[in-house]
Amino acid sequence: MEQASYEHQVPEVSFSQRYAEGQDSHQAQEANQSMNQSKALGFDPYQTQEPRSAYQTYGAGQEHYQAYEDGHGPYQPHEPGYGLYQPGYSPYDDQIPDPEARMLAIQNAKAYLLTSSTTSGLNLYDHLANTLTKILDEQPTNVVDIIENISKDVKWAQFQKKMDTLRDEPAMLPTFESAERRKTLFLKAYEEGDEELEEKIGETPLPNVMETAFYFEQAGIGLSKDEYYHIFLALKKLISAQPIQTCRFWGKILGLEMNYIIAEVQFQEGAEEEETEEEEVTDEGEKRMGEDEDEEKEKEEEPPKSTYKPPPVIPKEENGTGANKYVYFVCNEPGKPWVKLPPVTPAQIVCARKIKKFFTGRLDAPIVSFPPFPGTEANYLRAQIARISAGTHVCPIGFYRFAEEEGDEDEEGGGGRDTYEENPDFQPLSVAEMVESLSTWVHYVPSILEQGRCVWINPLQKSEEEEEGEEEEEKDEEPDELQQEIGPPLLTPLSEDEGIQNIPAWTAQPSTNLIPQYAVAILQSNRWPGAYAFASGMKFNNIYFGWGHKYSPENHTPALPGPVQKEYPDGPEITEATDPAVEEELAFKAAKEKALAAAEKKNRRVMKRKT
């Protein structure tokens, strides 16, 4: 009984485990046989000697450190584990343990486990309790392999914010917002039983954007198919909301915050006249308001009038002509509302040539530059669209021809032709011929003159009423006559375009050299990076994808401010005299008094003589 009480239950070691620990097979077999014999006689094969408690070993005369050299040393009274090795408490002692010592040891150990961390504020006791609770609730497999991860999850749950009774609204992701906006593009505009649907489909001005995307995709140019299709649906929505006669996807201009998707349209005849009348009415109303304010100010105060006369304002071209031939709508992405850009003015085009600004994507953003730009980003965008269209919109030679009706009038007047029409007898050239020479491509959009217009106008030429009113005031002043600007005529071949130093203005190449039978002729502008054109048989188109900047081999240098005005010339009539001293002032007063006295004496003598 005494020996049985001191038996130490050691886990059984298998044959493979002993072999893995470094024993050879012969030694392992002998050890296994001896174990079997010991079991048959009723002895514990692992018990070689009677186990002794730490207290017994220490009490037998061994040194203090020898009893605990393999583990923790004896606990001090102030330590939580104090009392575990006291007499009567050891698990190897057959004596009945003292309940007070046992409870003291348990309380000390629990107090140690309940000690909170100085960094996280947690304690080990609660953490182990929560970890075991999570394991027993979930009962995962192979707990011993994932206990570290479970411990991390329990710690992470302690640091999550506690939800308040008033919960915040969940933040909407940008992708979800974009999907909600584009959802409206997929709604059908007509019902299934609409009889006018077939007629509207046959006469619609909606361009085939997907076909254009296919041809440009042969050369690796363009957008993704999803974005192309969304733009296709957005153009369909624009046509259904506006009285549009022709529509074309112009391109995409990149911005720092948002991009611009641009549609080039032409209104129907009646709708365009109504818009011009509304613009004129608003302009007249603003002028009247300005005149009334000026009259009130003149009545209150009449300051001296300035003799400076500003240079004459060059009028903008009418809608449907020149740089304002087309109307442009823009949006930041498909699904957002289309915004109509205002017509461009010559002053905006002239100033846009002198500055270089990145677009932000906000039409109302100010343009901070020198020289100051007359307008916001919407006007600057419209000016850049006009410049890019005038320089990069091309077509195969022979596709357009001049109208026959204007031929005689143009020859008599000596001016250029500005009207063209499709040539019904057009014979398309092969891709090899279109790529070999630039003379097979022509410009079909009029170029913009230095004045900022496509058609030159004399700003000094006045109407008859203005001339009669100003004849008396400006008889002596005769302004210098301006030389008329003449640009290249329409349908001019690209071979006449000037290069950029050693770089040609255009680069033509086939879409593929592996299968030339089905290749497409691709034209790329080097003056406006991002402008492309394709031609394949009877079909051609132009598109632009870029930042809206013109290429310059040198860094952009803004215009310098004008020279500083000269100072007013100094002279004796405006020179300020130096202040005299006190003695000089007294001498001047005495001399003045003498002179007055002498003058009075003379006057008295003259009066006496007369009497």
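Trainee: Why is Asn 142 called exposed?

Mentor: Its relative accessible area is 54%. Exposed means over 50%, buried under 20%, and partly exposed in between (1.4 Å probe, protein chains only). So Asn 142 counts as exposed. This is a predicted model: local features need pLDDT of at least 70, side-chain atom pairs count only at pLDDT 80 or more, and totals for chains, interfaces and linings use all residues. Residues are numbered from 1 along each chain as its sequence is written, and side-chain values use heavy atoms, without hydrogens and water.

Trainee: What is the phi of Asn 142?

Mentor: Positive, about 55°, although Asn 142 is not a glycine. Asn 142 sits in the loop between H6 and H7. Helices here are DSSP runs (H or I, at least four residues), numbered from the N terminus.

Trainee: Where is Gln 139 placed?

Mentor: In the loop between helix H6 (124–138) and helix H7 (143–158). Gln 139 has a positive phi of about 50° and is not a glycine.

Trainee: What makes Gln 139 exposed?

Mentor: Gln 139 has a relative accessible area of 62%, so it is exposed.

Trainee: How do you know that Lys 608 is exposed?

Mentor: Its relative accessibility is 64%, so Lys 608 counts as exposed. Lys 608 lies in helix H18 (residues 582–610).

Trainee: What kind of peptide bond joins Phe 370 and Pro 371?

Mentor: A cis bond, with omega about 0°. Pro 371 is in the loop between helix H13 (346–352) and helix H14 (377–392).

Conventions: Helices (H or I, at least four residues) and strands (E, at least two) are DSSP runs, numbered from the N terminus.
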